[in-house]
Amino acid sequence: MRIVIAEDNVLLSAGLEALLTAKGFEVAEVAGDAGALTAAVDRHRPGLALVDVRLPPDFRDEGLRAAIALRERHRDLAVLVLSQYVERRYAGELLADGRGGVGYLLKDRVGRVGEFVDALHRVAGGGTVMDPEVVAQLLVRRDGDPLGSLTRREREVLALMAEGADNREIAERLVVGDNAVHKHIGNIFAKLGLAPADPGHRRVRAVLAYLDGGRR
């Protein structure tokens with residue numbers, strides 16, 4: 001898997017490059033600002049970009065905005081945001097384009113190398129991986145929420161799906177059986193109108209609907 005890293009902290013970027021190379025990724029380039037990120041993706045056409053939100057020159061949301069623009073230009077580009085901050089406005093825009101292959105993790109909450117590498121693979125494979133804190137900040141609900149028909153348990157299952165958990169992990173964390181998780185997910189799909197004949201990945205589309213509900 002070819003990857004481009006966008007991180008201005010020299011020590012962190014060097015550590016990420018060494019780690020990912022050791023884990024079998026091909027690090028095509030390490031970019032220190034949004035302009036360099038754009039040029040690197042255009043030049044190398046990676047399958048995945050690992051992007052910090054705040055990059056030079058202004059350290060606001062340059063990295064995230066560049067990632068959104070690159071996803072429009074390179075439709076097969078997966079993006080995992082790794083940042084200290086939750087930028088709600090552009091995070092919602094990145095996550096709600098309906099294609100999957102996106103993730104948002106907080107640097108201070110990544111505790112295990114294996115879980116981080118697994119998140120990269122999930123995102124590269126078209127999945128969605130979210131830090132629970134990011135999910136919490138994006139989910140500011142309104143009256144008339146289209147997800148209002150979901151039960152409390154179904155919302156818990158969907159929140160774990162948003163974090164990237166598979167059925168087995170959901171069952172373990174909620175202390176329920178696999179059949180119960182399967183039933184809850186089936187109910188979620190039905191209530192969101194995600195019929196089996198619908199195009200696209202229903203699991204990803206359900207997660208994006210969930211996140212988009214907090215964006216508006």
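**Starting from one histidine**

His74 sits in the loop between helix H3 (62-73) and strand E4. Helices (H or I, at least four residues) and strands (E, at least two) are DSSP runs, numbered from the N terminus. This is a predicted model, in which local features need pLDDT of at least 70 and side-chain atom pairs count only at pLDDT 80 or more, while totals for chains, interfaces and linings use all residues. Residues are numbered from 1 along each chain as its sequence is written, and side-chain values use heavy atoms, leaving out hydrogens and water.

His74 counts as buried, because its relative accessibility is 8%. Buried means under 20% relative accessible area, exposed over 50%, and partly exposed in between (1.4 Å probe, protein chains only). What does His74 touch, leaving aside its neighbours within four places in sequence? His74 is in contact with Val41, Asp42, Arg45 and Arg99. Contact means heavy atoms within 4.5 Å.

**Into the sheet**

Six strands form an open sheet, in the order E2-E1-E3-E4-E5-E6, and the pairing is parallel. Two strands pair if DSSP finds at least two bridges between them. Strand E2 (26-31) and strand E6 (128-130) stand at the edges with a single partner strand each, so one side of each has no neighbour in the sheet. On average, neighbouring strands are turned by 15 degrees against each other, direction ignored.

E4 (residues 78-83) is joined to E5 (residues 102-106) by five bridges. Leu82 stands opposite Leu105 in E5. Two helices pack on this sheet. Helix H1 (residues 10-22) touches strand E1 (2-6), E2, strand E3 (48-51) and E4, and its direction makes about 170 degrees with that of E2. Helix H5 (residues 113-124) touches E1, E3, E4, E5 and E6, and its direction makes about 145 degrees with that of E4. Axes are lines fitted to C-alpha atoms, for helices over the stretch in contact, and angles run from 0 to 180 degrees between N-to-C directions.

E5 itself is mostly covered: five of its five residues are buried. Val102, Tyr104 and Leu106 lie on one side, with Gly103 and Leu105 on the other. In a regular strand, side chains alternate between the two faces of the sheet. E5 also pairs with E6, in the parallel sense, over three bridges. There, Val102 has Thr128 as its bridge partner.

**Further along the chain**

Helix H7 (residues 152-162) and helix H9 pack at about 95 degrees, with axes 9 Å apart. H7 is therefore roughly perpendicular to H9. Angles of 65 to 115 degrees count as roughly perpendicular, under 35 as roughly parallel, over 145 as roughly antiparallel, and the rest as oblique. Val157, Leu158 and Met161 of H7 are among the residues in this contact, as are Ile185 and Phe189 of H9.

Helix H8 (residues 167-174) also packs with H9 (residues 178-191), at about 110 degrees. Asn167, Arg168, Ile170 and Ala171 in H8 meet Asp178, Val181 and Ile185 in H9.

**The whole chain**

The chain has ten helices and six strands. Buried residues make up 46% of its 216 residues.
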